[in-house]
Amino acid sequence: MKKQVYVSCPMDCFDLCRFRVTVENNRVIGLQGDPDHPLTRGVVCRKGKKLLEQLAHPGRLRHPLMKKGDAFVQISYDRVFDLLAEKLSSIKERYGNTAILNYTSDGYGGTKNRIQSIFFNCFGGDTRFEGSLCWGAGIAAQKYDFGAARGHLPQDILNSKLVILWGRNPKFTSIHLQSLLVRARKKGTHVIVIDPVKTATAKSFNTHIPIAPSTDGALALSMANVLIQENLVDSTFVRDHVKGFERFKAYVARFTPEVAQKITGIDAAVIKTLAMDYAVADPAAIYIGYGMQRYENGGNNIRCIDALAALAGHIGKRGGGVNYASKSLAPFLNSPEKKSQRFATETRTFLAAKLGAFLEDEPDPPIKIAFVASGNPLVQSPDLFTTVQQFSKIDFKVVFDHFMTDTAAHADIVLPAAFVFEQEDIFATSMYSHVLNFSQKAIDPPHTVLPEFEFFVKLAGRMGIDTLGFDSSAQYLNRCARPLLTQTKTVFDRDLAGLASAYVQIKAHDIAWEDKQFLTPSGKIEIYSERALADGLDALPQFIPPLAGGLKFPLRLLTCKAKDRMHSQGFMDETKTPILYINGKTAEDFKVHPGDRVRVCGKKAWIEAMVCLDEAIYENTAFMYQGYWHKSGAVNFLTESRVSDMGGQAAYYDSFCTLKPSVFV
Ligand code: SF4
């Protein structure tokens, strides 16, 4: 008999779609977007649709595996539990908890992806990363400026007269923002894209302003300079809600459009017009992408833009804002992980960008065992040359995944992960969508697959750990959802079934900062931030000049997200050589032609790529999509493990390379 259930997209995406899934005889036979979803309205992207192919993929891992020599052999869960219980206990006794590496990322976005961390908290602690591979510098910047990163309700963009997409490419990464923008443009909204690359999004809108990578801060400061010179500062807003204007005014005086032209490559007249258009449009919104903060000066880039928006008075009003993320969910969901932190008495951290370097530095105690879930660090971490080398040396490694990824291939035990269709969970993103998805269980997992949540509950039982605070999925989800169920009791009948049957829009902040109650120490937007000062940064947003690769590595390498795949997910069958996109001038400089195979050489390693000429790419820039596995060529063998100025963000885009002829030609 057929039935229909609602399943969330589990990917690390701005939009958080929910699917209507048709099930027959414990098989998913259909997947479509839910037309009743308040944001996504039934439209899902190729990445979401591919989940069905992945569920039925013949390469899906279906059994626990253990490495024997160079091969993997099947092993029972009982044997796995015995082995891990024994190893964890003896490592804890001999070396202490911090000899355990707990690596959990966001490859699966449900609340249950915290189970590994809860387990290790209750076991007494571990070593894990802090900072971010993704968005940390921007979050830290907006915390200094506003007290938190908050975004407007997506549909509010229809109220904007002008929208600046600053380093954001929604056509590839957030299709529902793209369709809202198309609707807005039909109503007369002017959409401007500022990006070093003429992206698919830039091609679809009125104006593209190409900018030299890592110089966004200088452009924002110069626009602020124009606002001041042209008397376009919203002085009432600044007087009432902004701290540090006079100091900022003195600082930006040097960033005339002519000075900024030399830094950004944007004509001074264009900067002036852009600034004036932004100031007089009422209201005007800025949407920032995450790429812009993946530089050593990334946090300051965002702080400069926040300050510009504050001067224009475009904060806290309908159709305005500096939209980067929407960190407004915390009061609506409990975090059992946070609660379990009290049991973690021995902890150690390293920066997310520095996994390889951390291991190479021979920490004391050494890492004796590693657990990896919801992540593929041997593809996604920067400086893979060091990371792969050092990760391989760890005595014992356990990896959960759907497929034999490059990380799993280096493991001693590989455990098959459940798909989102095979368990119920709650999904809420802090990236863009304000809609919370309850995800129903559509089918049972194969009988040989124990979902991670149940795995760790059982392992805890086996090891006598009784502090998890739950012993079933329903108990855990009820705990997570408790604030939501109690605050919205009339709508959701105080239970998860109620939550499954309706959508919850997080209504706290439809218009970010509408109440002007900023969460900074002064209660104002802090262009001058003493918190930043106390953290060893400049109190004012600064323009920090971009890095350069020098004569040996003259090309900046940008490694962005592909259209149809999320990070390294969905690349299991990809064996093609990755494409290197460069413009004609760069090709001429390196004497390469379209279709040539070249070595793209970073400081420690090289990969082979096929040249494609594309005038959309900025000068002296090499552009490649990230996510390819080692078998075709992972770009992170070329990236460097630099860290941004704030938030511990991986500064992937401060990586430099050169081109050499391929040995295979
Ligand atoms: S990846 Fe994003 S846009 Fe695509 S289906 Fe998932 S949530 Fe929707």
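1. How many bridges join strand β8 to strand β9, and do the two run parallel or antiparallel? In this predicted model, 5 bridges link β8 (residues 162-166) with β9 (residues 190-194), and the strands run parallel.

2. Now the whole sheet. It is open and has 5 strands, in the order β10-β9-β8-β12-β13. The pairing is parallel. β10 (207-209) and β13 (322-323) are the edge strands. Each has a single partner strand, so one side of each lacks a neighbour in the sheet. As background, strands of a sheet pair through backbone hydrogen bonds.

3. Next, look at helix α13 (residues 298-312). It lies across β8, β12 (284-288) and β13. Its direction is at about 170° to β12. Ile 305 touches Trp 166, Ala 220, Ile 286, Ile 288 and Val 322, leaving aside residues up to four places away in sequence.

4. The largest nonpolar core holds 210 residues. Val 163, Met 223, Tyr 278, Ile 305, Leu 308 and Val 600 touch the most other members. α13 gives the most to this core, with 9 residues.

5. Is α3 mostly covered or mostly uncovered? Mostly covered: 9 of its 9 residues are buried. Among them are Ile 115, Phe 119, Phe 120 and Phe 123, along with Gln 116 and Asn 121. The buried residues of α3 pack against α2 (77-95), β6 (100-104), α14 (336-340), β15 (369-373) and α19 (452-462). After α3 comes Gly 124, with a positive phi near 120°.

Definitions and conventions
Residues are numbered from 1 along each chain as its sequence is written. This is a predicted model: local features need pLDDT of at least 70, side-chain atom pairs count only at pLDDT 80 or more; totals for chains, interfaces and linings use all residues. Two strands pair if DSSP finds at least two bridges between them. Helices (H or I, at least four residues) and strands (E, at least two) are DSSP runs, numbered from the N terminus. Two residues are in contact if their C-beta atoms, placed from the backbone, lie within 7 Å. Axes are lines fitted to C-alpha atoms, for helices over the stretch in contact, and angles run from 0 to 180 degrees between N-to-C directions. A nonpolar core is a set of buried Ala, Val, Leu, Ile, Met, Phe, Trp, Tyr and Cys residues joined through C-beta atoms within 7 Å. A residue is buried if 20 or more other C-beta atoms lie within 10 Å of its own, exposed if 12 or fewer, and partly exposed in between; C-beta atoms are placed from the backbone.
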